[in-house]
Amino acid sequence: IKLLKSLEEYDILFKVHPVLPKKYPLQMEFCRELSSKYDHVMCVEDTHDDISTSILWADIMIGDSSGALLLGAAGDIPIIAYDNFNRIRSEYYDPTGPEWAFRDKFASIINDETIHDLPGLIKYLLEDDFQKESRQEVVNFLFEHQADAGFQIAKHIQSLL
């Protein structure tokens, strides 16, 4: 809560992962409580809502690890990734997945010891996006063939007609 007060100059939107309300209902309730308490905090109620809309207006993204952070990187948005200490126990944790394998190249990392530095890190990244080139390299590596794939599929469909 003290951290949110230090971030009052920013609009904050919580969009929790669709599995969280069922798995950890208190987390969603916590987001709702924060949004009712602070004018600059909003909570997306529909966890299945399209994240791309939020990414389009975001100046920065903060999360633990998901494809959403990679979408933010593809949208050329500075990323802050939180190293959740429970990640290793999660059935979804895959250290070889791109969201983990490349995270130090597309995101600034925070953890429980450095979370108090979050307001300063946000200001710093908004002023000096020092990972822009590194993030672009990751995006190019992960997505460079996507446009070609769509073209190939369209060409194949056309040949079937």
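## Basis of the description

Residues are numbered from 1 along each chain as its sequence is written, and because the model is predicted, local features need a pLDDT of at least 70 and side-chain atom pairs count only at pLDDT 80 or more, whereas totals for chains, interfaces and linings use all residues. Side-chain values use heavy atoms, with hydrogens and water left out.

## The chain as a whole

The chain contains 10 helices and 5 strands, where helices (H or I, at least four residues) and strands (E, at least two) are DSSP runs numbered from the N terminus. Of its 161 residues, 32% count as buried; here buried means under 20% relative accessible area, exposed means over 50%, and partly exposed lies in between, with a 1.4 Å probe and protein chains only. A contact means heavy atoms within 4.5 Å, and among the contacts in the chain with a separation of 6 or more, 62% come from residues 24 or more positions apart.

## The parallel sheet

Three strands form an open sheet, of 3 strands in the order β3-β4-β5, with parallel pairing; two strands are said to pair if DSSP finds at least two bridges between them. Strands β3 (61-63) and β5 (108-110) stand at the edges and each has a single partner strand, so one side of each is left without a neighbour in the sheet. From one strand to the next, the twist averages 20 degrees.

Strand β4 (residues 79-82) pairs with β5 in the parallel sense over 3 bridges, and Ala 81 stands opposite Ile 109 in β5. On the other pairing, β3 and β4 run parallel and are joined by 3 bridges, with Ile 79 in β4 as the bridge partner of Met 61. In a regular strand the side chains alternate between the two faces of the sheet. In β4, Ile 79 and Ala 81 point one way while Ile 80 and Tyr 82 point the other way, and all are buried.

## Helices against the sheet

Helix α8 (residues 118-127) lies across β3, β4 and β5, and runs at about 155 degrees to β4. Angles such as this one run from 0 to 180 degrees between N-to-C directions, and the axes are lines fitted to C-alpha atoms, for helices over the stretch in contact.

Ser 108 is found in strand β5, and at 8% relative accessibility this residue counts as buried. Leaving aside its neighbours within four places in sequence, Ser 108 is in contact with residues including Ile 79, Ile 80 and Ala 81, as well as Leu 121 and Leu 125. The C-alpha atoms of Ser 108 and Leu 121 are separated by 8.5 Å, although these residues are 13 residues apart along the chain.

## Two helices with a buried side

Helix α3 (residues 25-37) has 13 residues and reaches 19 Å from its first C-alpha to its last, close to the 18 Å expected at 1.5 Å a residue; the expected span is 1.5 Å times one less than the number of residues. Met 28, Cys 31 and Leu 34 are buried in α3. Seen down the axis of α3, its buried residues fall within an arc of 120 degrees, so they line one face of the helix, the arc being that of the directions from the helix axis to the C-beta atoms. The face turned away from this buried side carries the exposed residues Leu 26, Ser 36 and Lys 37.

Helix α9 (residues 132-143) has 12 residues and reaches 16 Å from its first C-alpha to its last, close to the 16 Å expected. Its residues Arg 135, Val 138 and Val 139 are buried, and they cover an arc of only 100 degrees around the axis, which puts them on the same side of α9. What covers the buried residues of α9 includes α5, β4 and α7 (103-106), while the face turned away from the buried side carries the exposed residues Glu 133, Glu 137 and Phe 141.

## A positive phi angle

Asp 76 is found in the loop between α5 and β4, and its phi is near 60 degrees, a positive value in a residue other than glycine. With a relative accessible area of 30%, Asp 76 is partly exposed.
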